[in-house]
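Let's take a friendly walk through one part of this model, question by question.

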Amino acid sequence: MQLPAEAVATAVLLEVVRISELPTMRGAPYPGRAGAHWIGDEAAGVLGLIKSLPGSEQHRCGFSPGWSVRAYADALDLVLFEAAFCFSCHEVRMHGTAVSPALATQFFDAGAPQAHALLALFREAAP
């Protein structure tokens, strides 16, 4: 999976959100509760895991994401990007100041070991 390279290089904090519903507007933050905040090596490891997700074909479920990751820079006032993951339709939707249109919608193999590891991390982070 591709992430915005500049944002990954400047991200210092990842926030995991258990999504409660879809946003009312495209590009708005996904509503939900933050479950964990990862910094340093932990954040870098999760970003590496996300980047290692193998691609997949689109599956149809209507896009009902359960988790998102928000990446922040040093100032912590601006989200560099948010990536919402739907493990049913294998789709990731990203938005934020660092996200190009080419990266906004991607598909990953939800059956891959990397996806299982990522989902386990999300579940451990659940509020």
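Q: How far apart are the end C-alpha atoms of helix 3 (residues 113-124)?
A: Helices here are DSSP runs of H or I with at least four residues, numbered from the N terminus, as are strands (E, at least two). The expected span is 1.5 Å times one less than the number of residues, so the 12 residues of helix 3 should span 16 Å. That agrees with the distance in the model, which is 17 Å.

This is a predicted model, where local features need pLDDT of at least 70 and side-chain atom pairs count only at pLDDT 80 or more, while totals for chains, interfaces and linings use all residues. Residues are numbered from 1 along each chain as its sequence is written, and side-chain values use heavy atoms, leaving out hydrogens and water.

Q: Which residues of helix 3 are buried?
A: Buried means under 20% relative accessible area, exposed over 50% and partly exposed in between (1.4 Å probe, protein chains only). On the other side of helix 3, Pro113 and Glu124 are exposed. The buried ones are Ala115, Leu118, Leu119 and Phe122.

Q: Within what arc do the buried residues of helix 3 fall?
A: The arc is taken from the directions from the helix axis to the C-beta atoms. Seen down the axis, the buried residues of helix 3 line one face, because they fall within an arc of 100 degrees.

Q: Where is alanine 44, and is it buried or partly exposed?
A: Alanine 44 has its place in helix 2. Its relative accessible area is 48%, so alanine 44 is partly exposed.
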